[in-house]
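Dear colleague,

My notes on it come directly after.

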Amino acid sequence: MKYSKLGGPQLVKSAIEIALERSAKINVDPEQIRKIELKKVATKFLNEFYDNSEYTLIEKLGICEKEERGSFLELCEQILLGNIEIPVNDKAHVFVARSVEILLEIKGDQAAQFLNHIGKVLEHYKMQKNEILERLKQESGSTRERLQSQLRQQLGANVSLPPDSDPNYLKTKEKMLGQLSQQYCQELEYLKNSIRQVPNIF
């Protein structure tokens with residue numbers, strides 16, 4: 001056992017004991033804790049909606065206290081709006097569409113115009129993305145054909161190269177899709193901000 005300069009035993013505290021003492025001195029806001037708990041419930045609540053298209057908001061709203069429904073729905077709104085973004089594939093597109101459906105239940109007819117426009121924006125993005133990819137494939141065709149011809153001569157066999165075998169194709173594709181995504185992200189953000197201004201109907 002260690003001793004102090006005065007000759008008495010010196011108690012050595014562990015890191016855990018020190019951390020517990022410090023945390024005990026911190027004032028914890030009960031409302032903040034409740035918000036964290038509500039957000040967990042809201043996340044689980046929304047996951048059920050994504051998994052089951054037959055669920056409706058009204059039949060599931062009884063899971064929280066009546067006086068907390070306002071805060072609960074605000075948290076749901078935050079999560080749903082955060083989930084609305086440029087989809088990377090068809091599955092993500094369905095996910096965004098479901099988010100729009102649930103938001104329509106929370107916001108009602110006043111937000112319908114903005115929410116419906118989100119679907120149109122994403123469909124237009126998908127169409128333009130496909131057009132860009134098709135055009136780039138055609139433009140890189142001559143380069144790929146030349147490379148394929150060289151390889152056929154060297155290997156003595158038929159060779160078929162994918163579009164991404166052309167470095168210029170990859171570079172141009174990344175640039176153009178990045179610009180397209182940025183353009184549509186700005187439009188989505190405008191619509192999401194407009195939806196935030198609409199009060200919840202519950």
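This is a predicted model: local features need pLDDT of at least 70, side-chain atom pairs count only at pLDDT 80 or more; totals for chains, interfaces and linings use all residues.

Residues are numbered from 1 along each chain as its sequence is written, and side-chain values use heavy atoms, with hydrogens and water left out.

The protein has 8 helices and 0 strands (DSSP runs, H or I of at least four residues for helices and E of at least two for strands, numbered from the N terminus). Of its 202 residues, 29% are buried (under 20% relative accessible area, with a 1.4 Å probe and protein chains only).

Helix H5 covers residues 90-107 and spans 26 Å from its first C-alpha to its last, close to the 26 Å expected at 1.5 Å a residue (the expected span being 1.5 Å times one less than the number of residues). Gly108, with a positive phi near 80 degrees, follows H5. Among the buried residues of H5 are His93, Arg98 and Lys107.

Lys192 lies in helix H8 (residues 167-196). Lys192 counts as buried because its relative accessibility is 9%. A polar atom of the Lys192 side chain lies 3.0 Å from the backbone oxygen of Leu81. Leaving aside neighbours within four places in sequence, Lys192 is in contact with Leu81 and Ile84 (contact meaning heavy atoms within 4.5 Å).

With kind regards

Terms used:
Buried means under 20% relative accessible area, exposed over 50%, partly exposed in between (1.4 Å probe, protein chains only). A polar contact is a pair of N or O atoms within 3.5 Å; within protein, one must be able to donate a hydrogen and the other to accept it, and residues adjacent in sequence count only if both atoms are side-chain atoms.
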